[in-house]
Amino acid sequence: MPKINPFDKKLRVDPESHRRIKDLPKVEAVKKIEALVERYESIKSSGKIKKYTEEETKKDFILPLFAALGWDVFNKDEVSAEEKISAGRVDYGFYLDDRPRFYLETKALREDLEREEFANQAVQYSWNKDVSWAVLTDFEGLKLFNAQDIDAKLWSKLFKDIPYTKYIERFDEL
């Protein structure tokens, strides 16, 4: 099997499935995510979740999760931070070949992702930039929305809803 150069943008998307080619071997990625889940459960059981800010959640859980999934979170050409969108600033934009693939809105660990305003915010950011996909996460859960039809009912836009307890089981959906 030929070695994949993770910096070769031509090899970053599978031409048949149009899915992102992961830079890390799956076993390594799963181990990294398992460690994040264990860390989260430890913090949850200690009661420290309420003290986590959004920035700490991003730094300790969300960026490491997307790094484990093969995104170069320290390369602003691949993952932008606090990108200006007409309605405000989205937490992260994820790019391949200079095109945004999705926007990610993050919340602190203690937040309730079921709050409609959070989902609306994520979808609105993507829709304003004509990007099909919006992701909302606080690490405890990850929600993927299709942002193409702004007039559709919000929860009909929900494409995937994956709790952290299923990140390993549903790894190929992440």
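Here are a few questions and answers on the sheet and salt bridges of this predicted model.

User: Which strands stand at the edges of the sheet?

Analyst: Happy to walk through it: six strands form an open sheet with mixed pairing, in the order E1-E2-E3-E4-E5-E6. Two of them have a single partner strand each, so one side of each is left without a neighbour in the sheet. These edge strands are E1 (79–85) and E6 (158–163).

User: What is the bridge partner of Leu144 in E6?

Analyst: Strand E5 covers residues 141–146. Five bridges join E5 to E6, and the two run antiparallel. In E6, the partner of Leu144 is Lys160.

User: Is Lys58 buried or exposed?

Analyst: Good one to check, as Lys58 forms a salt bridge with Glu82 at 3.4 Å between the closest N and O atoms. Glu82, in strand E1, is partly exposed at 34% relative accessibility. Lys58, in helix H2, has a relative accessible area of 3%, and the cut-off is under 20%, so Lys58 is buried.

User: Which residues are linked with Lys58 in a network of salt bridges?

Analyst: The model has 16 salt bridges by the rule used. One of them pairs Lys58 with Glu82. The residues networked with Lys58 are Glu54, Glu55, Glu82 and Asp91.

Notes:
Residues numbered from 1 in each chain as written. Predicted model: local features only at pLDDT ≥ 70, side-chain atom pairs only at ≥ 80, totals over all residues. Heavy atoms only, no water. Pairing = 2+ DSSP bridges. Helix = DSSP H or I, 4+ residues; strand = E, 2+ residues; numbered from the N terminus. Salt bridge = Lys/Arg side-chain N within 4 Å of Asp/Glu carboxyl O. Buried < 20%, exposed > 50% of the residue type's maximum accessible area, 1.4 Å probe, protein only.
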